[in-house]
Number of protein chains: 2
Amino acid sequence: MANNTFKEIAEVLLKAEKILIYPHINADGDTVGSAAALCHTLRRLGKTAYVLVEDELPSNLRFMDKGYFTFDDKVIEHPDVSVCVDCGDFGRLPKRKEKFLSAETTLCVDHHGTTQNFCDYNYVDPSAAATGELIYAIIKELVPEVDVETGEAIFTAITTDTGNFQYSNTTKNCHLIMAELFDLGVDTNKVSVQIYENERPEKLMITTKALSTIELFGGGKGAIAYLTLSDMAEIGAKPFETDNVIGTLRSLAGVEYAAFVKEKEPGVIRVSLRAKRMGDVAKIAAALGGGGHIKAAGCTLNMTIEEATAMVKQKLSEAIEAL
Amino acid sequence: MANNTFKEIAEVLLKAEKILIYPHINADGDTVGSAAALCHTLRRLGKTAYVLVEDELPSNLRFMDKGYFTFDDKVIEHPDVSVCVDCGDFGRLPKRKEKFLSAETTLCVDHHGTTQNFCDYNYVDPSAAATGELIYAIIKELVPEVDVETGEAIFTAITTDTGNFQYSNTTKNCHLIMAELFDLGVDTNKVSVQIYENERPEKLMITTKALSTIELFGGGKGAIAYLTLSDMAEIGAKPFETDNVIGTLRSLAGVEYAAFVKEKEPGVIRVSLRAKRMGDVAKIAAALGGGGHIKAAGCTLNMTIEEATAMVKQKLSEAIEAL
């Protein structure tokens with residue numbers, strides 16, 4: 001099914017009165033920024049709009065929630081439109097699936113290559129660095145002038161999903177949008193400080209703990225580290241406070257594949273995978289029942305952390321052999 | 001003394017045959033990127049051009065040295081022009097001062113607020129995020145088409161000096177230059193991997209060691225950490241491998257001032273200072289005999305590391321009181 005145009009999607013939203021927006025679970029800057037930017041803009045247009053979530057937002061992203069985000073799925077009883085942003089399957093909004101489908105019209109805006117056009121209206125573009133780029137284009141169809149608050153959320157979406165303009169998904173368009181945001185008066189440093197310089201000491205401690213477990217393998221081309229539930233409890237770290245670990249693993253000289261293995265619940269292991277220049281972790285994650293991008297993907301395994309670590313090491317070793 | 005124009009500076013370079021370029025000591029991405037971009041462009045024009053250094057380049061920046069950088073001050077006996085890039089006083093090129101002044105014409109391109117126009121020709125613009133921005137403008141006057149190698153060096157200069165487009169010095173112009181570099185075909189991710197994802201495990205270990213010494217003070221608004229010569233020796237870390245420490249200190253919630261104190265030689269202590277949103281470390285560094293930018297500055301103290309740590313804590317505590 002082909003994509004709709006930005007204009008068609010904007011028209012659906014302009015006709016609607018009550019809109020619920022759905023970011024993915026384990027929210028990141030792109031999904032929260034996209035949701036906040038869209039919700040704010042829809043409210044500027046006089047719509048009733050909320051962002052429905054099912055898990056806690058990372059604390060460094062909460063600055064974007066100006067009364068938009070809610071756990072209450074009755075906040076709008078009968079939505080005209082459900083919009084999922086940066087997520088393209090129900091595994092990423094498991095507890096909200098029924099509510100999502102209860103809207104008269106469904107709409108998906110996403111940049112994941114694995115997403116099928118499964119809604120009534122869709123804009124799925126894997127060449128976009130961030131869903132925030134697509135949401136920005138839609139917002140420009142919705143309102144004559146993007147405002148600063150929207151610009152801050154769009155900056156957040158794009159800067160976080162491009163690794164601050166360093167990842168291979170970064171495009172000329174990302175920088176052109178940034179230039180426009182400067183014209184709007186967006187203070188990107190103020191936002192960066194909120195995203196990146198607002199860390200609890202516990203985050204530093206849990207990161208250091210994880211990095212102390214580093215194991216290199218595959219002739220130094222693979223790096224893996226892990227954290228157990230008891231590590232998390234001892235330090236008092238929050239789940240999203242481990243998000244720097246995987247990037248640091250990948251940053252080591254010679255490493256082409258990195259994995260971070262984390263016990264979420266007893267017997268439930270979350271695996272984050274990264275490739276540097278040569279590899280493709282989307283495939284590996286898919287083979288393990290997960291998904292994502294070529295250079296950044298993940299999956300969830302139901303086994304012990306020792307078993308998961310061994311399995312991931314095995315898969316990455318095979319991928320390293322094939323490089 | 002007013003700045004010259006980019007065109008005037010380009011004309012001086014176009015008339016010259018033998019040019020020596022001078023980056024500052026303790027080289028960073030901006031000074032190395034600026035020097036490499038300029039040297040490469042001058043050679044494209046058929047000039048004899050070299051970059052004269054007096055200390056080792058950080059290993060993650062060496063990819064830009066395609067036979068340009070040398071310790072040999074006789075590589076050009078009688079230079080027509082000396083150009084210092086990203087440095088504006090002889091304290092930043094101490095062992096090369098005489099050679100610098102031996103050229104027929106001297107030229108300074110810099111963005112440090114403390115720099116006086118001390119050369120025959122000068123372009124000093126503290127509103128530029130990076131000296132690389134200014135060098136890029138000069139290069140556009142020198143050649144009809146900037147090439148990919150030059151673009152990679154300019155990307156390095158700008159991305160490193162803006163903290164990957166997150167610091168408050170970042171401007172619209174930085175992003176517009178990036179958009180142009182994409183048009184040239186610059187692979188920014190390839191360069192990023194060379195700059196940031198090429199770390200020795202020793203770097204990770206020395207960073208972790210430094211962060212284990214964190215002390216918060218001033219009601220959590222100040223953070224300080226230190227490393228001794230014996231820490232460096234035990235881990236086998238290189239001097240430039242501690243460059244992530246100060247940013248991590250500043251990233252803690254509530255911290256407005258951060259300091260990293262490092263023993264360079266017995267009795268010689270290098271101090272790196274950072275301010276987050278409110279403070280000004282240029283002033284504090286200047287009061288201690290150093291210099292730099294409002295949000296990033298440094299100084300060298302001749303005392304023991306314990307004395308230096310106490311003095312810096314005292315200065316920052318006073319600054320915190322005044323916030």
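User: Leaving aside its neighbours within four places in sequence, which residues is B:T156 in contact with?

Analyst: This is a predicted model. In it, B:T156 touches B:G29, B:L61, B:F63, B:M64, B:V191 and B:I195, once neighbours within four places in sequence are set aside. B:T156 itself belongs to helix 5 of chain B.

User: Is B:T156 buried or exposed?

Analyst: The general idea is a cut-off: a residue counts as buried when its relative accessible area is under 20%. B:T156 has a relative accessible area of 0%, so it is buried.

User: How should I read A:F260, and in which element is it found?

Analyst: A:F260 is found in strand 9 of chain A, residues 257-265. Its relative accessibility is 4%, so A:F260 counts as buried. Not counting residues up to four places away in sequence, A:F260 touches several residues, among them A:A210, A:Y226, A:V245, A:L249 and A:V271. A:F260 and A:I224 are 36 residues apart along the chain, and their C-alpha atoms are separated by 5.7 Å.

User: What is the corresponding reading, in sequence and in space, for B:A210 and B:T70?

Analyst: These two residues are 140 residues apart in sequence, and the distance from C-alpha to C-alpha is 32 Å. B:A210 lies in helix 8 of chain B. Its relative accessible area is 0%, so B:A210 is buried. Leaving aside neighbours within four places in sequence, B:A210 is in contact with B:A225, B:Y226, B:L227, B:V245 and B:F260.

User: Which residues are buried in helix 8 of chain A, and what covers them?

Analyst: In helix 8 of chain A, residues 201-211, the buried residues are A:K203, A:L204, A:I206, A:T207, A:A210 and A:L211. Their cover includes strand 8 (222-227), helix 9 (229-235), helix 10 (245-250) and strand 9 of chain A. Helix 8 and helix 10 of chain B also contribute to that cover.

User: How many salt bridges are there over all chains?

Analyst: To read a salt bridge, one looks for a side-chain nitrogen of Lys or Arg within 4 Å of a carboxyl oxygen of Asp or Glu. A search of the whole structure finds 32 salt bridges over all chains. One of these pairs is A:E152 with A:K190, at 2.8 Å from N to O. A:E152 lies in helix 5 (residues 148-161) of chain A and A:K190 in helix 7 (residues 188-196) of chain A, so this pair ties together parts that are 38 residues apart in sequence. A:E152 counts as buried at 9% relative accessibility, whereas A:K190 counts as partly exposed at 32%.

User: Which parts does the salt bridge of B:D243 and B:K203 tie together?

Analyst: The side chains of B:D243 and B:K203 meet at 2.7 Å, N to O. B:D243 is in the loop between helix 9 (229-235) and helix 10 of chain B, and B:K203 is in helix 8 of chain B, so the pair ties together parts that are 40 residues apart in sequence. B:D243 is partly exposed, with a relative accessible area of 44%; B:K203 counts as buried at 6% relative accessibility. In chain A, a network of salt bridges links A:E199, A:K203 and A:D243.

User: What is the area buried between chain B and chain A?

Analyst: The size of an interface is often given as the accessible area lost when the parts come together. Here that area is about 3,400 Å², and carbon and sulfur atoms give 59% of it. B:Q166, B:E197 and B:R277 supply 20% of the area that chain B buries against chain A, more than any other three residues. In terms of contacts, 40 residues of chain B meet 40 residues of chain A.

User: How are the two copies related?

Analyst: One superposes the copies and reads the turn and the shift. Chain B can be laid on chain A by a turn of 180° and a shift of 0.0 Å along the axis, with an RMSD of 0.1 Å. The two copies are therefore related as by a two-fold rotation axis. In chain B, the C-alpha nearest the axis belongs to B:H175, 2.5 Å from it. Finally, 100% of the interface residues of chain B are also interface residues in chain A, so the copies meet through the same surface.

Methods
Residues numbered from 1 in each chain as written. Chains lettered and ligands numbered in written order. Predicted model: local features only at pLDDT ≥ 70, side-chain atom pairs only at ≥ 80, totals over all residues. Heavy atoms only, no water. Contact = heavy atoms within 4.5 Å. Buried area = accessible area lost by both parts, 1.4 Å probe. Least-squares fit on C-alpha atoms with pLDDT ≥ 70 in both. Helix = DSSP H or I, 4+ residues; strand = E, 2+ residues; numbered from the N terminus. Buried < 20%, exposed > 50% of the residue type's maximum accessible area, 1.4 Å probe, protein only.
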